Amino acid sequence: MQWVSYLPSLAQGALVTAWITLAAIAIGALLAFVAGIARVEGGRIVSTLALCYTELFRGTSLLVQLFWFYYALPLIGISFEPVATGILVLALHVGAYGSEIVRGALASVSVQQVEAARALNFGRWHTLVHVTLPQALIEMLPAFGNLAIETLKLSSLVSLISIADLTFRAQSIRNLTLDSAGVYTLTLVGYFAMSLVLMMVMRLIERLARRGAAFPRAAHS
Amino acid sequence: MTDNVKPPLIQFAGVTKRFGALTVLDNFNFEVAPGEKVTLIGPSGSGKSTVLRILMTLEPFQEGRLTLAGMDYHEPGAAAPFRASERHLRNIRSHVGMVFQSFNLFPHMSVIRNVAEAPVRVLGLSRDEAQARAVDLLALVGLADKKDHFPSQLSGGQQQRVAIARALAMRPRVLLFDEPTSALDPQLVGEVLAVIRDLAHEHDLTMLLVTHEMRFAREVSDRVCFFDKGQICEQGSPEAIFTAPSHPRTCEFLASVLG
Ligand SMILES: Nc1ncnc2c1ncn2[C@@H]1O[C@H](COP(=O)(O)OP(=O)(O)O)[C@@H](O)[C@H]1O
Ligand SMILES: [Mg+2]
């Protein structure tokens, strides 16, 4: 029953993982909306900037981004705490992928809805906030759920910039005890439990959003 | 112009509209007097919807002049495609409302919010004023008891009546109907036509109606225009068009729709 002794350390690591993941999702979702709306509604310059951001972060390795922010950026005098770096880079990742989700969902709202809003003389901002976004939001939720779980799993990369997350703790314990089977099994269970919770929370949000008669279609499974 | 002729509310003067290489309206001339009820009939693809959509500022046009109550749709120096600032377009839109073939209600809003939303957001009415206005209009279209339903809970005919109430809530001078009953099951057409028929008695409201309901067109319109290939091929009183059409294309079309 050696593995019981790993639990306190792994639990601490899991807390770090949870904190980094949740913070990255929250900040990333904000970035996703800003960049996604900029892509759809922005003028040429704004939407190009948003596109550059999206493609830059989707087109490069997350691990290299982490190293770049952690090791290269300080060379030009900008440095953050490791945890802040981890959250920032993961948030930029969520923002980049999330902006595609936001853009796609906004584009999927039928053009007739926009024309109806225009015929009622809604301004662009009102059309976005009161007509297109509320309809797009429902479409985004399943994809955002997947992205959240993806982010949880990717967060293990932050162990490589010496953040004591679940993966980092697991590595340390394994190096001490050499009990690969026990340590890594527990670690997998830990990630799985956390993603299960995330999944249930996202399902709940989706169910609440689809509550009532406005969107009678069944929730995506 | 003589004194007893009212200046037109709507005037298309030499309007040309192209979609890429396709010219849909070519040097189009058309006038509508204030309060007039005009029906546009004609084969599919002849440009009827395009005329309404240009009036609603949903489509730009390339050449010619269009005015509404003396306001020019184009502003000098403004950029294509609309050649008018957003502010100018919104000013024009404040006089025009439109009812679409596919209703286009907002699915995430209750019926009363569908009707009250624009008066609140655009006209700046208080929620209470807008709701009171909405309740009146829903009563007018016979749907006061459905105000807390969502569009998905209504039949097509009911949805279209809500859409009419929603357009009226903005108090437009001109109301455009683009085949308002074409998407409906036959047994639901009557209830929508009845609402439009009541509106046609509103003296001040100018109506442009595209429809394939010939009997209805005959009842409600002051003037019927037969469209063919982007031109008004023949126009006149409903009696003249339906009982004694002179143009062979009109005869052909009427024969095909009246069976
Ligand atoms: N967005 C568009 N892009 C290209 N062609 C269009 C578009 N909208 C309409 N058209 C074309 O313009 C012509 C007139 O269309 P429309 O005004 O819808 O006719 P109607 O309402 O009389 O059936 C048709 O040939 C149609 O294919
Ligand atoms: Mg049409």
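1. A residue counts as buried when its relative accessible area is under 20%, as exposed when that value is over 50%, and as partly exposed in between. A:F69 has a relative accessible area of 12% and is therefore buried. This residue belongs to helix α3 of chain A, which covers residues 62–72. The note that follows concerns a predicted model, and the burial classes used below are the ones just given.

2. Two long-range separations in chain A can be read together. A:G123 and A:E55 lie 68 residues apart in sequence, and their C-alpha atoms are 30 Å apart. A:G123 sits in the loop that runs between α5 (111–119) and α6 (124–154) of chain A. Its relative accessibility is 9%, so A:G123 is classed as buried.

3. A:L88 is part of helix α4 of chain A, residues 82–108. With a relative accessible area of 30%, A:L88 is classed as partly exposed.

4. A:L178 deserves a look for its backbone. Its phi is positive, near 60°, and the residue is not a glycine. A:L178 is placed in the loop between α7 (166–177) and α8 (180–209) of chain A. The relative accessible area of A:L178 is 62%, so the residue is exposed.

5. For B:K48, a side-chain N or O atom is 2.8 Å from a ligand oxygen. For B:S49, the distance from a polar side-chain atom to an oxygen of the ligand is 2.7 Å. For B:T50, a side-chain N or O atom is 2.5 Å from an oxygen atom of ligand 1. Ligand 1 on its own exposes 560 Å², of which the protein buries 60%.

6. How much of α1(B) is buried? Seven of its eight residues are, so the helix is largely enclosed by the rest of the structure. The buried residues are B:K48, B:T50, B:V51, B:L52, B:R53, B:I54 and B:L55. After α1(B) comes B:T57, which has a positive phi near 65°.

7. B:S46 is buried, because its relative accessible area is 4%.

8. The loop between β5 (71–72) and α2 (86–93) of chain B contains B:P81. The peptide bond joining B:A80 and B:P81 is cis, with omega about 0°. B:R83 is located in the loop between β5 and α2 of chain B. B:R83 is not a glycine, yet its phi is positive, about 50°. Its relative accessible area is 31%, so B:R83 is partly exposed.

9. Is B:T250 buried or exposed? B:T250 is buried, since its relative accessible area is 0%. The residue is in helix α9 of chain B, residues 248–258. Its side chain makes a polar contact of 2.7 Å with the side chain of B:E234.

Note on methods:
Residues are numbered from 1 along each chain as its sequence is written. Chains are lettered from A and ligands numbered from 1 in the order in which they are written. This is a predicted model: local features need pLDDT of at least 70, side-chain atom pairs count only at pLDDT 80 or more; totals for chains, interfaces and linings use all residues. Side-chain values use heavy atoms; hydrogens and water are left out. A polar contact is a pair of N or O atoms within 3.5 Å; within protein, one must be able to donate a hydrogen and the other to accept it, and residues adjacent in sequence count only if both atoms are side-chain atoms. Accessible areas come from the Shrake-Rupley method with a 1.4 Å probe; for residues, only the protein chains shown count as cover. Helices (H or I, at least four residues) and strands (E, at least two) are DSSP runs, numbered from the N terminus. Buried means under 20% relative accessible area, exposed over 50%, partly exposed in between (1.4 Å probe, protein chains only).
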